[in-house]
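Have the structure open while you read along.

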Amino acid sequence: LDHSSVQPPFVFSAMPSEFPTPEGGDAGRWCPDGKGTGHHTPAAAKVKKSITEVFGKASEQKSFGSGKYSMRVEITSCNVKRIDLKAYGLNVPNCWVKINVGPHEARTCTLFGLDPIWEDVYEFKFDTEPKDTEFKATFYMDEAQDGGKQIGDTQRFLLEVLVIGKQLFKQLVVPGGGVNFMVTADNFGKEDVPMGDTLGFLDDDDEGGMMMDSDEDDE
């Protein structure tokens with residue numbers, strides 16, 4: 001008996017197959033049952049996100065750490081209306097800020113626009129001496145791009161120049177503007193306002209420059 005001419009029985013595939021729309025989109029799937037029939041599963045509808053949608057949420061925790069020293073940081077607002085969005089590769093003008101005091105980290109929510117207002121207040125407590133405790137801030141935009149693009153350098157502020165019990169203005173200077181803070185040292189700092197630093201507006205190093213961290217230092 002010559003078996004070479006015998007054809008194997010036809011077997012219906014049970015594997016689902018995807019097919020596109022004429023425009024190249026997703027038209028869904030055909031899901032066969034292996035018996036010559038099947039059903040069509042339409043593509044899931046894609047919901048277009050609003051460019052004003054808030055991606056990141058603010059830190060729920062408002063008080064961090066424990067120790068003999070206590071300070072409060074209010075992240076009030078920012079204004080970066082002079083930034084060149086195209087030059088920095090920014091698609092969506094939304095902003096958020098991260099601050100670090102010692103090992104603790106807090107962040108604002110992400111707000112749409114170039115001059116958002118947060119007025120978020122965070123309390124930090126620590127045992128290390130203020131001069132040995134890092135307080136730094138970083139500004140981000142366009143959070144849809146891998147969690148946000150850092151704009152400008154991370155800036156470090158000196159805690160030892162704060163005035164005890166007095167709320168002082170600080171600013172994180174970034175391309176196109178700045179981020180505004182109000183910082184209060186509850187139980188440490190200088191007794192009197194330092195001469196020439198009545199607003200506590202930017203901290204200088206010993207050579208008169210701002211304390212900055214490069215992007216490489218933060219990675």
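**Reading the labels**

Q: What makes lysine 131 and aspartate 132 a salt bridge?
A: In this predicted model, the closest N and O atoms of lysine 131 and aspartate 132 are 3.4 Å apart. The cut-off is a Lys or Arg side-chain nitrogen within 4 Å of an Asp or Glu carboxyl oxygen, so this pair counts as a salt bridge. Both lysine 131 and aspartate 132 are exposed.

Q: Why are aspartate 186 and arginine 72 called a salt bridge?
A: Their side chains meet at 2.6 Å, N to O, and the limit is 4 Å, so the name applies. This pair links distant parts of the chain, 114 residues apart: arginine 72 sits in strand 5, and aspartate 186 in the loop between strand 14 and strand 15.

Q: Why does aspartate 186 count as partly exposed?
A: Its relative accessible area is 27%. Buried means under 20% and exposed means over 50%, so aspartate 186 falls in between. Arginine 72, at 36%, is partly exposed too.

Q: Is threonine 154 buried or exposed, and how do you know?
A: Threonine 154 has 1% relative accessibility. Buried means under 20%, so threonine 154 is buried. You can find threonine 154 in strand 12.

Q: What makes the pairing of threonine 154 with threonine 138 a polar contact?
A: The two side chains come to 2.8 Å. The limit for N or O atoms is 3.5 Å, so the pair qualifies. Threonine 154 also makes a side-chain polar contact with glutamine 150, at 3.5 Å.

Definitions and conventions. Residues are numbered from 1 along each chain as its sequence is written. This is a predicted model: local features need pLDDT of at least 70, side-chain atom pairs count only at pLDDT 80 or more; totals for chains, interfaces and linings use all residues. Side-chain values use heavy atoms; hydrogens and water are left out. Helices (H or I, at least four residues) and strands (E, at least two) are DSSP runs, numbered from the N terminus. Buried means under 20% relative accessible area, exposed over 50%, partly exposed in between (1.4 Å probe, protein chains only). A polar contact is a pair of N or O atoms within 3.5 Å; within protein, one must be able to donate a hydrogen and the other to accept it, and residues adjacent in sequence count only if both atoms are side-chain atoms.
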